[in-house]
Amino acid sequence: MDLKLKVWRQKNAEDKGGLVEYQLNDIEGHMSFLEMMDILNEQLISEGQEPVSFDHDCREGICGACSMHINGEPHGPDAGTTTCQLHMRKFSDGDTIFIEPFRAKAFPVIKDLVVDRSAFDRIQHAGGYISVNTSGNTQDANSIPVPKVNADKAFDAATCIGCGACVAACKNASAMLFVSAKVSQFALLPQGEVEAKDRALNMVKQMDAEGFGNCTNTGACEAECPKGISLENIARLNREYLSASVTTDH
C-alpha cells in the first residue's frame, strides 16, 4: 500500500516543531507500525536526511516505550494494542496517517516523537513499593490467605505498563489511571498494608507536583489503555486517599 505520513518533527525541547509530510510506497499489511517507521527512516537516511526519533524497546507490547499518537489516538486505532503491536493492515492504501508525540505538560517533548515520561518514575518512587522482608526468611505463601477476587484484581492492576496512553487520551492530561493501578496492585494484598496510607498520600502528592490534570471520569483513559486497566482502580485510589487523609497527620 502507498501511504502519506504527516510526522511531528521537533529538533529539541526548545524547538517549536511541526508536521512534516512524507510519502511511503509498497508497505505490506503484515508489517508492524514500527517496522513501517524503520522503513521511513531508512528512506530518510538514504536521502541524506535526519531520521525520525521515536522510543522503542521490546517490540512485544510489554514495556510501553513505543508511545505514539496516531490519527488522534494513543497507540493508534487497534483497541488493546501498543504501537509496536499495531499492524499496517489496520490502514488502507492511500491513507494519510498523522503521527505525533503524546501531548501533556508533564510529558515534555525531547525530540520528534520522544517525550520525557520520567514523571511516572518519580510518582512510583514516591510510594510504589513494599517493605516486606523477602530475603530468604519469608513465610510460606499459603499461610497468608488472599481472596482470589482480590488476587485477580491486583494482578489486573499490575499489568499496567506505564506507557502514558491514559494521560495522552485524557482531555485534562490526568495520570489518575496510572497512579490508581500502582496503588491498587498493593492495596489489594496484605503485603501492601504497611505503607498503604503513606503510599496513597505520597503518590497523589507527587502526581499533582508533576503537573498532571484532574480526573473528570470521562473514561477515555480506560478506553485507550492497551492493557485495559479499569476505572474501578480510580475509585479504589479515591477511597485509599480519603481513608489516609482522615487517619494520618499528613
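This is a predicted model: local features need pLDDT of at least 70, side-chain atom pairs count only at pLDDT 80 or more; totals for chains, interfaces and linings use all residues.
## Other salt bridges

A search of the whole structure finds twelve salt bridges, and one of them joins Lys 90 to Asp 78, whose closest N and O atoms are 3.5 Å apart. This pair also links distant parts of the chain, although Lys 90 and Asp 78, twelve residues apart, both lie in the loop between strand 4 (73–74) and strand 5. Lys 90 counts as partly exposed at 47% relative accessibility, and Asp 78 counts as partly exposed at 23%.

A further salt bridge is formed by Asp 152 and Lys 148, with 2.7 Å between the closest N and O atoms. Because Asp 152 and Lys 148 are four residues apart in helix 3 (residues 148–158), about one helical turn separates them. Asp 152 is partly exposed at 34% relative accessibility, whereas Lys 148, with a relative accessible area of 60%, is exposed. Elsewhere, salt bridges that share partners join Lys 4, Lys 6 and Glu 21 into one network.

## Strand 1 and its two partners

Strand 1 (residues 3–9) is mostly covered, with five of its seven residues buried. Strand 1 pairs with strand 2 (residues 18–24) in the antiparallel sense, over seven bridges, and with strand 5 (residues 96–100) in the parallel sense, over four bridges. Lys 4 illustrates both pairings: in strand 2 the bridge partner of Lys 4 is Gln 23, while in strand 5 the bridge partner of Lys 4 is Thr 96. Lys 4 is also a member of the salt-bridge network with Lys 6 and Glu 21.

Which residues of helix 1 are buried? They are Phe 33, Leu 34, Met 36, Met 37, Leu 40, Asn 41 and Leu 44. Seen down the axis of helix 1, these buried residues fall within an arc of 150°, so they line one face of the helix.

On the other side of helix 1, Glu 42, Ile 45 and Ser 46 are exposed. The buried residues of helix 1 pack against strand 1, strand 2, strand 3 (69–70) and strand 5, and these contacts therefore involve strand 1 together with strand 2 and strand 5, the strands with which strand 1 pairs, because at least two bridges are found in each case. Helix 1 is followed by Gly 48, a residue whose phi is positive, near 80°.

How values were computed:
Residues are numbered from 1 along each chain as its sequence is written. Side-chain values use heavy atoms; hydrogens and water are left out. Buried means under 20% relative accessible area, exposed over 50%, partly exposed in between (1.4 Å probe, protein chains only). The arc is that of the directions from the helix axis to the C-beta atoms. Contact means heavy atoms within 4.5 Å. A salt bridge is a side-chain nitrogen of Lys or Arg within 4 Å of a carboxyl oxygen of Asp or Glu.
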